[in-house]
Amino acid sequence: GIPELWDLITTYRQNGKITGYIDEKRRNQRRYWLAKYLREHVLEATKNDAETRRRKEEIELDLDNGKVVPRIAASQLWRSIITASSENNAHTTKTE
């Protein structure tokens, strides 16, 4: 019944703590979510900044036409995002 199920759950958690399994699983989960949120922020940046959005379209066209490979295209887009972010931060600092 329920008491036996609860004992099984308790034993599983205790063993997981002793072996480090639960801590390792939590560490992996935190890293997964970090990567997920970072991807979301990067993709959001390509939507919100007009220049980055324009550059993304250029890069995608080059990718579609075989002028650039995906790894290089990603690097180019990342540099565009960083440049736009730096410019936005510099502009914000000047106006404050």
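Is Glu60 buried or exposed, or something in between, and what is its relative accessible area? Glu60 is partly exposed, at 34% relative accessible area; here buried means under 20%, exposed over 50%, and partly exposed in between, with a 1.4 Å probe and protein chains only. A quick word before the views: this is a predicted model, where local features need pLDDT of at least 70, side-chain atom pairs count only at pLDDT 80 or more, and totals for chains, interfaces and linings use all residues. Residues are numbered from 1 along each chain as its sequence is written, and side-chain values use heavy atoms, with hydrogens and water left out.

**View 1. Glu60 pairs up with Lys56.** The two form a salt bridge with their closest N and O atoms 2.9 Å apart (a side-chain nitrogen of Lys or Arg within 4 Å of a carboxyl oxygen of Asp or Glu). Both sit in helix H3, 4 residues apart, so about one helical turn separates them. (Helices are DSSP runs of H or I with at least four residues, strands are runs of E with at least two, and the numbering starts at the N terminus.) Lys56 is partly exposed too, at 24% relative accessibility.

**View 2. Glu51, Arg54, Arg55 and Glu58 belong to one network, joined by salt bridges that share partners.** Arg54 meets Glu51 at 2.3 Å, N to O, and these two are 3 residues apart in helix H3 (residues 50-64). Arg54 is partly exposed at 36%, and Glu51 is partly exposed at 44%. By the salt-bridge rule, the count comes to 7.

**View 3. Arg13, Lys25, Arg26, Arg30 and Arg31 make a positive surface patch.** Patch members have over 30% relative accessible area and no salt bridge, with like charges joined within 9 Å and nonpolar side chains (Val, Leu, Ile, Met, Phe, Trp, Tyr) within 5 Å. Lys and Arg count as positive, Asp and Glu as negative, and His and the chain ends are not counted. Helix H2 (residues 21-48) gives the most, with 4 residues. Arg31 lies in H2 and is exposed, at 54%.

**View 4. Helix H1 leads up to Gly20.** H1 (residues 2-19) has 18 residues and reaches 26 Å from its first C-alpha to its last, close to the 26 Å expected at 1.5 Å a residue. That expected span is 1.5 Å times one less than the number of residues. Gly20, which follows H1, has a positive phi, near 85°.

Note on methods: Accessible areas come from the Shrake-Rupley method with a 1.4 Å probe; for residues, only the protein chains shown count as cover. The place of a charge is taken as NZ of Lys, CZ of Arg, CG of Asp or CD of Glu.
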